[in-house]
Amino acid sequence: MSAENGFGWRPITKGTSSGLDFLGLAVPIEGILDAETSGITNATFRARYFSLVPWYYWKYAMRGGKGSARDQRQFAIGFEMLIAYANIARLDTTESTMTGIIRRDFCERKWKEGKTTLPLRGDEVGDTPSPTDAALYGPSLRRLNLLGRHGQFQTCRKGGAIFAEELDKTLGKVDGFARLMDATTVNRETVELWAQKLYLLTPSKRENELLRALLFGSDPFAREELAPRVYTMLLLLDLARTGNTAFTASDMEVALASGLDLAGQSFRPEASLGGAYRRWRILALLKLLRHSSELAFYAVHTHVRSSTIRFGTAQHAAEELIASAVSKSKGLPKSFERLVGNLKDTAAPAWDPPKYDPEEMVRHALSICAWCAAVLRTDSGKDLLAEDVATVGAHLDADLAGYFERLNELLAGPTTVAMRWLCVDRGLARHFQVAARKLAQHDTFRLIEDEDGMRATEKCPIPNIAIRVDSMLSLLSDVGLLRIGDEGYLATAETTQWYNSHIKRLHEMAGCG
Amino acid sequence: LTELKMRRHTGYQPKDVFEALDESEMPVSALFTTYTFSPGTFRQEYLIPLLHRGCDEISVLTDPIGYGQSIFSAATVQSIGTDYRLRQVQSDGSFHGKLVVIRTRHAAYVGVGSGNLTAPGLQTNAEVGSLYRVDKNDQLELLEVLVKRLRSLALIEEKAKQPVPPIQLMDDARLITSLDSPIFDQLGFPADVSRIELISPFVDGQQEAVARISSRWPKARIRLRLDPDFGALSESLLDLASERVSIQVPSEPQTEEGRPPVHGKLFCFIGKNAATIVLGSANLSRPGLLTKENFEAVVERRMKADEVESLLSVPETRWRKASIDDRKPVTAFAGPKMLGVVIASLHFRRLKASWSSSLGEGGTAKIWFRGRLIHEIQFAGVAKSEDRSTVEMDLAAKVFEKLTGPCLLEIELDNGRLLLGWIEVTDMLGMGQEAKRQLVFLDAITADPLSCNEKEVVKFIEHLQRRLEAASRNAAYFAGSYGKSQTKKEEYDTTPISRRDLLELGGGSFSQFFALERLLNRSLDSALHDLRFFSRDRDDQPLATTEADRGDGKEKLRNPTRKVQGRLPLKIETVLTALFDQLKEKIDAADSPAAVATFVSQIPTCIKALAFAAEKWKLLPEQRREWLIRFFHKVAIACLAPGIACVARRSGAVRRLEETERGKLTGGTEFGLGVATLEAYLLLDHERQPLRDGSFNKDMYDVLRELRLPDSTTLAAAAVDVQSLMGEAGDTRPNFESLRLSMAAVTGEFAALRGRRAALNDLINRLHDGVRETAELRPIAEAAVGLDEAESLLRLLVEHARRIRVVEVSSDQDACSVCFTVFPQVVQSRLNRASAVAQCNCGVFLVRSLDT
């Protein structure tokens, strides 16, 4: 039987929100990071959450009686809130600053309202702090074996119980603690009382020892095999010791990408850290290569947005931009090989282009790519390609070895061909593919190509690609192995002492093995 | 739904096509036409669902603009030439129609609209469209003529010249194309047109179409609405505005958050009682309506005059009178000249290319794959016939092997002319062939799973994963829940548990239960992840990633030189091999791609875990205690455990072996040894920590007991082997007979569940019989759901007393079979426990099915 199943105006799907991984290049980086720094995320800035969170989950279990997933979540929310209020109160009093407080925005707003009672649980309080904060509860605590998750329940594991038992000696004995376990509100005075006890930067001496032990996999958290995270932490401490002045996470990442230390000298880590060093160099280079693709795409996007011309297709827009970027440039060599040659032995290009105009951006993007190619052509660069992780992401055509092969092939051709590859094959074409796949999830379209020509969306943020160096340095400073100041991090005598003792431990373990 | 849509006059989205497509009907062929084309969007919206439904022949015909777009994105394009044909059609004007024709054996689904096969066209623009199912022979025959004509224009078929008259889709709807005469000339109008509503993004510069309409109905009031962002609002068009003719534009500017671009083309010719509505690809322009230069497709629909109003409401758009300030002149960038197109096909290793020009005797052919040149060959001896030039060449095997996805052929003729086109890999086109290709790959793994390399296993799991993902995505898509889950706030279960169980400090039923659950339900992502990083820990197998320069500077091969080929213990190997063989046979025997897809989506977790475990085991550099305990356990579980979809523990993997297969194996020495190893493992585990009632390990053991058990000598030898593998001293000799007896006394989880279910049935029967005494009922309730929940269950059941209806829910079921309501998360979560009783909103009681 014939039938009419539709006639008229079609319902509209919104589809132009901005996803951060709009070229689908994040997967290899995230994959390697998960292997190298299991338990650490870009959001785990404050080490003390590793002790406080297991403590309240342990406390919940120790209450005995019956509970439910809902009940447990409410219990935990109250403590998340209390920790946030306590830290905000402390910062308020001492006029200090600190990042990485979970539920900060909401609690700060409530704190500043100045009311005598503050919400802890219930309808006024959201279920999850924010997608980023939730990362702490997801991978980190479970991967560090502090908590387990079974369905909707969080369980407290042995490691978590070690922290909990230690913390409970003090925190569990605070007056009025029992009431806080079910309370839906808390007084300001109570928060001020807890401000000292829950301040994220002042763990007790024993708690700090345990946090260090957790991060470095030593007793009582020792396992038969050292987690890759330990090698990474030691590597960062080793590199930190090479700087004469304060340094930031991005200084560290540039040093890794370049193969130099923080003072700009050639860096050769302790032999047992060699593998970790090579893998972190790969990560740093992948970050730059991803950034170059996103910058090139952003250049085309800006070109489409800012041009008075309506381009018929993306091809028109890209080719016009490339022609103009090459012809107007004074310093850009005609051959890509020459560009790579020119950048050999130079410092890593800046993250940001000199100007955010499309031509400058696309030239800068290509320079980053060429600089990476130059690094990979050195002897130490070739060592990186021999690493297994250099092929991670090959199925998505986003692995370091794949990049290297393609960049090598491009060497023989003119710069315009390399630029086209960067803008189109690594940028636009990937975007159309990724965005089409994600549209069903109401995600990403930044350039739209249809019958009326090309349109660019209003927003196209370039993501800041975090590779967890920032959070790891922050954790190291929280446990007192680096000093942090306004200018950045600094190694101290304790850094060297700790580093040496743990390298010795590595050697001993290797000897035993 | 259809009735609702009709009342509101709603167009269609791709998902509506698949909703309309009867489940019992497999699409046989599909033809799409478009002006602009986004391969990614087409793949996502139409291709994948079609392939999943086993559609063999899929073609997309596009204007050279759309073809150029696909070539531009060649580095990332998927499926062109391997899953579907993409052809460009040259015409005097534009190949502008937007048509969908999907044929099943007994019917055809025809979609006609204004949206191209692009993201805006299918999703975000305001577009019009209509969708029909037709099944009368005369309709189908005419559609066949239309499809043949279009395919012949794209040179897929021999030239077809049979004219295509308007096709009656319904009594009041006709499909009209411009193949043989202009659209306008074929339309029928009411005799007394007094009002004309026109919505069109484009109007020709000379306003010929408007003029024609205006002169034909000189007294009719005309309202023209157009979105000025398309650039068609000109001064001369505004000059047409008069008392009789009004020109309107959207009240608000086009923004991402605000109104959408209005790209729909809708013309309404309204009389006193009747109206003709024209909807489709044709713009209000000379090439769109008045000539046959363009290829256009529209639906002409008759309706009552008073029904038209609802059609004039453009989604999220309000209108106002246009003014001179609304003009948005668009300077289109001319862009590079389009290249000539070559039609290329690859049949086995024979590449055939043809192009329209008679120029050129020879030249160079280059094959590009994922944006990279993979082969270059000089050719001569171009054959000429009428207006086509053709060349054929054989590809070397090593080149042929690389053509695993969409490939571009570039031909540079000796006269300097450049041609480009997608290669149609005829062996892969059509899902039937595609399935076979996958089978070849699966065959390689399943035939000898233990000697395949890591890369193949990764591919194998990826293949399974893709199938699973697609299956679940499709299920969600068609259930209308796509994209909703992310925004849904998590509902937390309120089922009470003992808080102390949340201390996971070793032992304890809660953690043990969930540890197993988690192991079994381990996601493929993690498996893949582990596989990828596993090799990093292999210190005995440095991966020499060498760069073998082939000398041409264009291609370098990464040499995947791996590895010491470890072997699984033979005992496990036999079971694994049999399972893989069975998997292969099942897929081989499938009579349709849909059956393959369904089967793959149903493969139990244990099979996937096997692939994982096999690889892990094989690559172990030495017997390291921790790993061995973990992986041995995994293998044991994998061999015996049920799949993810089986909360009620339907059947172990060994049980999954078909009787004949099991018969063959049970006679074999290796299988016997395998059973001995597994039994020894379970008994030793029981000795270390005695199993409690309700243990899932006991279920595994029960499965094992169905097989021929080893004699005591074999068992003892196996135990020594296991102890040695696990790094335990084998100097103590366990008393296996006593362990077997002790194990026999344990009630497995499955048996315990059956006991509970029997108690539940007994309880319900008594309630039906009028028993209400708590003293009598309480012990039975405790036996049914345990001490903790007995009271609440009893209270609930007594409330419903004689009206209790219990429905068994299978593990993969997520909606009530009585009222068809999707279970809330709380209910789903509750039903994860096979002994729990939940209640649906419709009143029925739900329990997990325990069927084996």
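What follows is a tour of selections, with a note on each.

**Before you start**

This is a predicted model, in which local features need pLDDT of at least 70, side-chain atom pairs count only at pLDDT 80 or more, and totals for chains, interfaces and linings use all residues. Residues are numbered from 1 along each chain as its sequence is written, chains are lettered from A and ligands numbered from 1 in the order in which they are written, and side-chain values use heavy atoms, with hydrogens and water left out.

**Stop 1: chain B as a whole**

Select chain B. Its secondary structure comes to 29 helices and 32 strands. Helices (H or I, at least four residues) and strands (E, at least two) are DSSP runs, numbered from the N terminus. Chain B has 852 residues, and 56% of them count as buried. Buried means under 20% relative accessible area, exposed means over 50%, and partly exposed lies in between (1.4 Å probe, protein chains only). Now take the contacts in chain B with a separation of 6 or more: residues 24 or more positions apart account for 73% of them. Contact means heavy atoms within 4.5 Å.

**Stop 2: a pocket in chain B**

Select B:Ser152, B:Leu153, B:Ala154, B:Leu155 and B:Arg388. Of the 46 residues that line the second largest pocket, these lie nearest its centre. A pocket is defined on a 1 Å grid over the protein atoms alone, as an open set of points where a 1.4 Å probe fits, with protein on both sides within 12 Å along at least five of seven lines; lining residues have an atom within 4 Å of a point. The space in this pocket is about 1400 Å³. That volume is the space filled by probe spheres set on the points, with grid points joined across faces, edges and corners.

Which element supplies the largest share of the lining? It is β3(B), with 4 residues. Other elements of chain B that each supply at least two include α6 (137-153), β19 (350-355) and β25 (418-425). Colour the lining by type: 18 residues are nonpolar, 12 polar and 16 charged. Here Ala, Val, Leu, Ile, Met, Phe, Trp, Tyr, Cys and Pro count as nonpolar, Asp, Glu, Lys and Arg as charged, and the others, Gly among them, as polar.

**Stop 3: the cores**

Select A:Phe216, A:Phe336 and A:Leu428. In the largest nonpolar core, which has 175 residues, these three touch the most other members. Helix α12 (residues 274-306) of chain A gives the most to this core, with 15 residues. A nonpolar core is a set of buried Ala, Val, Leu, Ile, Met, Phe, Trp, Tyr and Cys residues joined through side-chain atoms within 4.5 Å.

Centre on A:Phe336. Leaving aside neighbours within four places in sequence, its contacts include A:Leu366, A:Leu407, A:Pro414 and A:Ala418. A second, separate core has 48 residues, among them A:Trp9, B:Val134, B:Ala173 and B:Ala297.

**Stop 4**

Select α9(A). Among the buried ones are A:Glu207, A:Asn208 and A:Arg212. Just after the helix, A:Gly217 takes a positive phi of about 60°. Step on to A:Asp219 and A:Pro220: a cis peptide bond joins them, with omega about 5°. A:Pro220 lies in the loop between α9 (205-215) and α10 (228-240) of chain A.

**Stop 4: two positive phi values**

Select B:Glu316, in the loop between β14 (297-304) and β15 (319-321) of chain B. Its phi is near 55°, a positive value in a residue other than glycine. B:Glu316 is partly exposed, at 44% relative accessibility. Then select B:Arg370, in the loop between β20 (363-369) and β21 (372-379) of chain B. Here phi is near 50°.

**Stop 5: a buried asparagine**

Select B:Asn283, in the loop between β13 (274-280) and α10 (286-290) of chain B. Is B:Asn283 buried or exposed? It is buried, with a relative accessible area of 7%. Not counting residues up to four places away in sequence, B:Asn283 touches residues including A:Glu451, B:His96, B:Phe202 and B:Lys265.

**Last stop: cysteines**

Select A:Cys156, which is buried at 1% relative accessible area. B:Cys407 is also buried, at 1%.
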